[in-house]
Amino acid sequence: RPSSSRRGHSRPSRTHMSSSPILVDRVPELLTRTEPLSPSLLASLAVGPDPTIVELPAGTELHSLVASHVMKHASAARSFGMRVGSGNSRCCDGSDSEDDDDAQSRVATKVLGLGTFEFTFESAKIFAVHHTLGEVVGTNCSASLMRTLVLVSDADISALVRFCDHLIAAADACTGNVFNIFRWHVQHQYWHKAETAQARPVESVVLPAELKSKLVDDIADFAAPATKQWYVQHGIPYKRSYLLHGSPGAGKTSIIQALAGRFKRNVCYFSSLSHPEMTDDGLKSAVQRVPAKSILVFEDIDAVFTGGRGKKDGDKSAVTFSGLLNALDGVGGSSGQLFVLTTNHRERLDPALIRNGRVDMHVHFSDATSEQMRMLFAQFYPKAEPALAAAFEEALTAELGERTVSMAQLQAYFIQMRKRPAEAAAAEVKKVMEEVVTRMIREDEGAASDGKTQPGEEAAAEEEAAVAGEEKKEPQKAAAAAQPSKEVHVHVHVGS
């Protein structure tokens, strides 16, 4: 007979009867625990009888920060895992690489493995126990085990809080000539540090000097301590919002990253508004938890909602227009943060999204101006005489006439001419014009194809219209035949 009603974790057992085997299912007991570590494992650590214990589940930001710290500072750490990442991701796992080629290639990056690790903080000894718990379960991708990181120390909880605060501050800090790039992790609800990027000087961004000064001066004034005090006194959320709009490839992304380096700020790209699991509460959490001193970027904001406030076809997220407005208004806390919205089509945005108070400054990015033509030439040919840059600008302007050229197209031209001398680049501006004409043809063809019926549809439409016309004429002919004749004869007499 099958074993009886004892409760507990067990696998189904097979009992052989006189006929075929029978599978007997037992209902497993719910797994519960009241301690983060087993008594035997806790006893193996060199701690007192009443230690402080902190548990950090996998998938949380602190788990990642503490694991990275343990790899760097734990004595005799020899247990690791491996994953594939980019060279830039090594900034977050404790690896050091000064090879520029490594930063651009796929490499193996180490992660903390299972085991017990020991390190110190503020003279306090801390043990980090990285272990799995429970049975294998199925996830969206594969079978998995629950994994947690447990901190154990004789120090009180305030010491472990200070330790975690120290890691958070270090992760948010922008040091030297670099800045951190974060992306919002929808499932785990935290800002994931994707990479550390090299900052470029604002002066190196080829934009009109007036535009750059306008942005730099405005942010510098906002960041001043007196400005923050003024905002607080007047009860206004201490945040600043910018709308960068205009031509594609005009330098919007470049100036954002240059400003991040100039003002030592992180860049947080919010590219998950269309994620199926994204909600208004998730958006609010993202704004509340954004790293200190950050630039929160909503790229191509016009692609989020169509026709003003309507959702795009196929967008399965639960983010509403009002939820987005609340996030931009700073509801829920965003003290000292900079919001940047980018779009190539400001006219598609709902007026409520970019009204005064919600967006503080509109900055237009146009196609290349005469100033930018000379600046870009001088940047690619720094040893050339200024007169040659001016000659290039004059020749290109004359060749374009009423047309314009984007900065991206000009950069592509200089890349094409990278092995040619400055004199050749200044003289062969017709190649730029050829690219402009090609772009215009493509745009015209795209616009025509949007309004033209597909092959076969036009003939079908004509045939349908012809049939409908004949069907319409038949009743008209029958009605005309049933009516009495109403012919009028007119006689004209012409006198001699």
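A salt bridge is a side-chain nitrogen of Lys or Arg within 4 Å of a carboxyl oxygen of Asp or Glu. The views below come from a predicted model, and the structure holds ten such salt bridges.

**View 1. Glu399 and Lys430 form a salt bridge.** The N to O distance is 3.7 Å. That value lies within the 4 Å cut-off, so the pair counts as a salt bridge. Glu399 sits in helix 11, while Lys430 belongs to helix 14, which covers residues 430-451. The two parts are 31 residues apart in sequence, so this pair ties them together. Lys430 is exposed, at 53%.

**View 2. Glu393 pairs with Arg374 in a salt bridge.** Their closest N and O atoms are 3.4 Å apart. Glu393 lies in helix 11, residues 386-400, and Arg374 lies in helix 10, residues 370-380. The pair therefore ties together parts that are 19 residues apart in sequence. Is Glu393 buried or exposed? Glu393 has a relative accessible area of 11%, which makes this residue buried. Arg374 is partly exposed, with a relative accessible area of 34%.

**View 3. Glu428 and Arg420 meet through their side chains.** This contact is a salt bridge, with N and O at 2.9 Å. Glu428 is partly exposed, at 22% relative accessibility. Buried means under 20%, so Glu428 does not count as buried. Arg420 is also partly exposed. Its relative accessibility is 36%.

**View 4. Three charged residues are linked in a network.** Which residues take part in this network of salt bridges? They are Asp218, Arg240 and Asp360.

**View 5. Lys252 is buried yet has no salt bridge.** Lys252 is found in helix 7, which covers residues 252-262. Where is the nearest side chain of opposite charge? That side chain belongs to Asp300, 7.0 Å away. What does Lys252 touch, leaving out residues up to four places away in sequence? The contacts include Leu244, His245, Gly246 and Ser247. Thr342, Thr343, Asn344 and Phe365 are also among them.

Notes: Residues numbered from 1 in each chain as written. Predicted model: local features only at pLDDT ≥ 70, side-chain atom pairs only at ≥ 80, totals over all residues. Heavy atoms only, no water. Helix = DSSP H or I, 4+ residues; strand = E, 2+ residues; numbered from the N terminus. Buried < 20%, exposed > 50% of the residue type's maximum accessible area, 1.4 Å probe, protein only. Lys, Arg positive; Asp, Glu negative; His and termini not counted. Contact = heavy atoms within 4.5 Å.
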